[in-house]
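Please read this briefing alongside the model, taking the overall fold before the individual residues.

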Amino acid sequence: MKYQSRGLAIAIFLLTACQPTKQPLANNSVVSAAHPLATKAGISILEQGGNAYDAAIATGFAIAVVEQTMNGLGGRLQAIIHHEDGKITGIDATTQAPLSYDPETATMETTGYPSIGVPGVVKGLMTIHEKYGSMDLATVMAPAIDYAENGYIMLPEAAKRHASVIEYIRKYEGSSQYFLNGDTTYVAGERLVQKDLANTLRKIAETKGEAFYTGEIAEKMVADIQANGGYVDMESLAAYEAKESRVLTGSYRGYDINTLFLPAFGAINLEMLNFMENYPLSEYSDADWGKVFFLANTIAYKDRRRQSEDGAVEEIISKEYAKQKADSVNALDLKAAAMAYSGGWASPDGHTTHFTVADKNGIVLAVTQTVGNTLGSKVATPGLGFVYAQTLGGYLGDMKAGDRAPSHISPTIVAKDGKPFLGLGAAGGSRIPTAIVQAISRVIDRGMNLPDALAAGRIQSIDTAMYIEMHEGTTWTQEDIDALESFGFKVYPVEEKARFGRIHAVHYDVENQNWTGAADPDWEGTSDGVEKE
């Protein structure tokens, strides 16, 4: 028996030794996020040997601390993941109407306690950790806890956002406690310390999120919300789960486009790209490219409300449907085509945050987190330190008990020959899908590198008018505007920054086997990388 065991061991060794070693996809790993400290948190985990899942958890919790105007523990999350084996999955952790919610008797307010739904960010990040994480939770949450415990320096644009909602902050005890520095909000350069938020994060780490949904944190949330006219209850918190999203897959000029179905708006991304595929955009001038995108935007946004209808999504994302739409507008002059599909709308408010992480093994996570408009519901519970998203009261449309309302969030992964090529998503409310599609097209059709694709000026269709991004650093010229106006529709140049979505993305360079990360130049975020050992 001893000789047999020894022989078996030798055979196993030889068989293993003969197996080809799996080569990493890239020479580096990258993080791109909307705040430098969030990027730093993800990079620190990669430097400690963590994978992209670990880095995404660290980034998600960190940005929930340092960019509370845009997202937080009380908010919602949508994520799309490219796994090492090439499989694409999604996570739906959006906010939800409580199980006992009755819209007939509810107070219809889009801010304040009645607007608060069941939060999903914590459950979403916990799900990533439970399913895929390789490091312990305390380690990956350590940067976020440090930022909350010891504070961080307020950035200029973040300070402006806090100041813009000061009257709401003053209205609520917890919000005043956490976001006022004396009689005013924190100004750029001041340090914001959040001890209560640090304690909340520690309890989440210690209990793997259970305290947030069934324990001490949950009890404090419910007591405060219900005492002030809100609807979240213990049953709804305990029942909440992060669901597996339905991944929608299409193609664009030989690339696979992977994005998420409702409550994300990925179908609209696919519809726009399908329409644009009918035109040889690599041969077009900038103005002609803009004309085609404008029509794609106008047509697809007309279909947003159809997504939930039975069987509608299959039609919306089909190549045949896009060809029919292209043929219909080709038969009209451009002004008539725009009029035929008018009715698109776009909120003037830009909100939300997005980050993307990719590692050397080809794991990519594109994650969008939000609380709604600036500081969401504007409410923070005393003792907990975070704001809640606005969800109810009509903010995300009509909702009934247990509903998860749809939003324009649509993180997307582009793949080529089974390997990730682009990972991206955006902030900016109704401008999220249009920002994503323009970036994809500029990389694939216009041959731009990723930083240039994010810096180029964007377009947004609102009814029959074209709004065009023209602040310093963008690429549109007066000649472009003249050409676009000559097509027959009204063009409105917009010089304000950050009004056309903010993208944080990664791009894989096949030739050099490197990831490039890029942060939207209109925001205060960064991208950084770690070389392979």
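This is a predicted model: local features need pLDDT of at least 70, side-chain atom pairs count only at pLDDT 80 or more; totals for chains, interfaces and linings use all residues.

Residues are numbered from 1 along each chain as its sequence is written, and side-chain values use heavy atoms, with hydrogens and water left out.

**Overall fold**

- The protein contains 20 helices and 21 strands, where helices (H or I, at least four residues) and strands (E, at least two) are DSSP runs numbered from the N terminus.
- The radius of gyration, taken over C-alpha atoms, is 24 Å, which agrees with the value near 24 Å that a compact globule of 533 residues would have (the globule rule is 2.2 Å times the number of residues to the power 0.38).
- Taken along the principal axes, the box filled by the C-alpha atoms is roughly 75 × 75 × 45 Å.
- Of the contacts with a separation of 6 or more, 73% are between residues 24 or more positions apart, a contact being heavy atoms within 4.5 Å.

**Surface and charge**

- Buried residues make up 59% of the 533 residues, with buried meaning under 20% relative accessible area, exposed over 50%, and partly exposed in between (1.4 Å probe, protein chains only).
- The accessible surface comes to about 20400 Å², and 49% of it belongs to carbon and sulfur atoms; the areas come from the Shrake-Rupley method with a 1.4 Å probe, and for residues only the protein chains shown count as cover.
- The 45 positive and 66 negative charges have mean positions 3 Å apart, counting Lys and Arg as positive and Asp and Glu as negative, without His or the chain ends, and placing each charge at NZ of Lys, CZ of Arg, CG of Asp or CD of Glu.

**Nonpolar cores**

- The largest nonpolar core has 79 residues, of which F61, L73, M141 and L201 touch the most other members; such a core is a set of buried Ala, Val, Leu, Ile, Met, Phe, Trp, Tyr and Cys residues joined through side-chain atoms within 4.5 Å.
- Helix 3 (residues 52-66) gives the most to this core, with 12 residues.
- Apart from this core lies another, of 56 residues, with A267, V292, V443 and L450 among them.
- Leaving out residues up to four places away in sequence, the residues that L73 touches include F61, P119, L201, F212 and F386.

**Two buried threonines**

- T374, in the loop between strand 12 (364-370) and strand 13 (412-416), is buried at a relative accessible area of 16% and touches T69, M70, R161, S164 and V165, not counting residues up to four places away in sequence.
- T185 belongs to strand 6 (residues 184-185) and counts as buried at 2% relative accessibility; beyond its neighbours within four places in sequence, its contacts include A159, H162, F179 and E190.

**Backbone geometry**

- Most residues other than glycine have a negative phi, and most peptide bonds are trans.
- A cis peptide bond, with omega about 10 degrees, joins L262 and P263, and P263 lies in the loop between strand 10 (255-260) and helix 13 (266-276).
- K208 has a positive phi near 55 degrees; K208 sits in the loop between helix 9 (195-207) and helix 10 (210-213) and is exposed, with a relative accessible area of 54%.
- Q513 also has a positive phi, of about 55 degrees; Q513 is in the loop between strand 19 (502-509) and strand 20 (514-519) and counts as partly exposed at 39% relative accessibility.
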